Amino acid sequence: MSKYPLLGMTLIELQALAKRLGMPGFAAKQIASWLYEKKVTSIDEMTNLSLKHRELLKQNYEVGVFPPVDEMRSVDGTVKYLYRVGDNHFVESVYIPDDDRATLCVSSQVGCKMNCKFCMTGKQGFTANLTANQIINQIHSLPERDKLTNVVMMGMGEPLDNLDEVLKALEVLTASYGYAWSPKRITLSTVGLRKGLRRFIEESDCHLAISLHSPVAAQRSELMSAEKAFSITEMVELLKNYDFSKQRRLSFEYIVFKGLNDSQIYAKELLKLLRGLDCRINLIRFHAIPGVELEGADMDTMTRFRDYLTSHGLFTTIRASRGEDIFAACGMLSTAKQEENNKS
């Protein structure tokens with residue numbers, strides 16, 4: 001019978017565990033320190049717990065650290081890691097080094113319910129929510145863990161569709177008893193779900209990125225079915241109730257598709273939609289995926305689009321495209337691994 005992982009537990013959960021096992025109250029902080037500060041891989045290493053308590057812990061618990069099972073390395077230094085979750089499912093994390101920064105793109109679900117037209121993960125359908133342990137493990141077990149400067153919740157899955165576990169993982173990452181990261185080093189990316197967006201903004205101080213991709217409702221709903229449930233105009237009205245003018249950053253992700261959303265008409269609609277919001281736009285090149293006819297716009301078109309928005313007061317950047325030679329778009333490696341396992 002598998003044991004329950006300690007990694008990913010909050011201090012409150014560890015306190016309840018210690019009480020349940022008859023351990024002293026301060027043991028919870030000791031366990032947290034071993035997990036998140038000293039980063040041990042076994043309960044035996046927790047040497048300031050008595051031998052009796054370590055044996056008691058080991059009966060039903062383990063640290064719960066699981067290294068990646070596969071990897072793909074790009075010529076530009078990007079590395080895609082594959083993690084096994086559960087018996088026969090896989091999720092991906094992408095490590096992106098860039099001069100003095102190193103970012104990890106983390107997954108929150110196996111598959112995804114959102115089924116955005118341009119996303120490989122959506123083609124898998126939804127299988128399961130990741131636990132806080134499985135989310136944190138992608139960071140904790142990363143070979144380049146000590147080089148990380150930023151984490152983005154932009155991998156497989158929709159974070160707001162698994163909000164309880166995501167918030168728990170973010171607490172562990174940012175709390176003084178955990179990894180003690182500044183929330184400003186973490187960005188959560190979402191298509192925008194009505195039930196979760198307000199809660200995330202109010203319960204977390206991490207940066208927020210909204211997948212926009214079109215300012216026109218009819219077109220956005222063709223690209224992203226989530227538009228039908230919670231429109232981008234409603235979302236913008238909700239966001240106007242919060243202050244993003246200080247340290248917390250609000251950004252909008254915009255994949256620029258050739259001949260679809262790349263003309264000045266769309267730039268003008270973006271300016272109209274986002275007027276009054278303290279935000280930025282990140283323009284993204286499209287990574288082609290099998291079975292989808294969409295194409296990415298060329299760099300000249302993206303540069304003109306960026307310059308128009310910036311000249312009209314909307315701070316806009318073009319995100320550098322990384323890892324194209326290893327299919328860095330989320331879902332490609334895990335889909336291949338799943339198909340390989342199904343055949344065998």
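Me: Hi! Where does Lys38 lie relative to Trp34?
Reply: In this predicted model, Lys38 sits over the face of Trp34, 4.7 Å from the ring centre.

Me: Nice. And what does Lys113 lie over?
Reply: Lys113 is placed over the face of Phe126, at 4.7 Å from the ring centre.

Me: Switching to ring pairs: how many aromatic pairs turn up in the whole structure?
Reply: A search of the whole structure gives five aromatic pairs. One of them joins Tyr4 and Tyr61, whose ring centres are 6.1 Å apart with planes at 80°.

Me: Why is that pair of Tyr4 and Tyr61 called edge-to-face?
Reply: Because the planes of Tyr4 and Tyr61 are at 80°, and angles over 60 degrees count as edge-to-face.

Me: Which strands hold Tyr4 and Tyr61?
Reply: Tyr4 is in strand β1 (residues 4-5) and Tyr61 in strand β2 (residues 61-62), so their pair ties together parts 57 residues apart in sequence.

Me: Is Tyr61 buried or exposed?
Reply: Tyr61 is buried, at 12% relative accessible area, whereas Tyr4 is partly exposed at 48% relative accessibility.

Me: OK, what about the rings of Tyr36 and Tyr179?
Reply: Their centres are 5.2 Å apart and the planes of Tyr36 and Tyr179 are at 55°, so that pair is tilted. It links distant parts of the chain: Tyr36 belongs to helix α2 (residues 27-37), and Tyr179 to the loop between α6 (163-174) and β10 (186-190), 143 residues apart.

Me: And is Tyr36 buried or exposed?
Reply: Tyr36 is buried, at 1% relative accessibility. Tyr179 counts as buried too, at 13%.

Me: Last one: which residues do ring pairs link into a cluster?
Reply: Phe118, Phe257 and Phe286 are the ones linked that way.

Technical notes:
Residues numbered from 1 in each chain as written. Predicted model: local features only at pLDDT ≥ 70, side-chain atom pairs only at ≥ 80, totals over all residues. Heavy atoms only, no water. Phe/Tyr/Trp six-rings, centres within 6.5 Å; stacked < 30°, edge-to-face > 60°. Helix = DSSP H or I, 4+ residues; strand = E, 2+ residues; numbered from the N terminus. Buried < 20%, exposed > 50% of the residue type's maximum accessible area, 1.4 Å probe, protein only. Lys NZ or Arg CZ within 6 Å of the ring centre and 35° of its normal.
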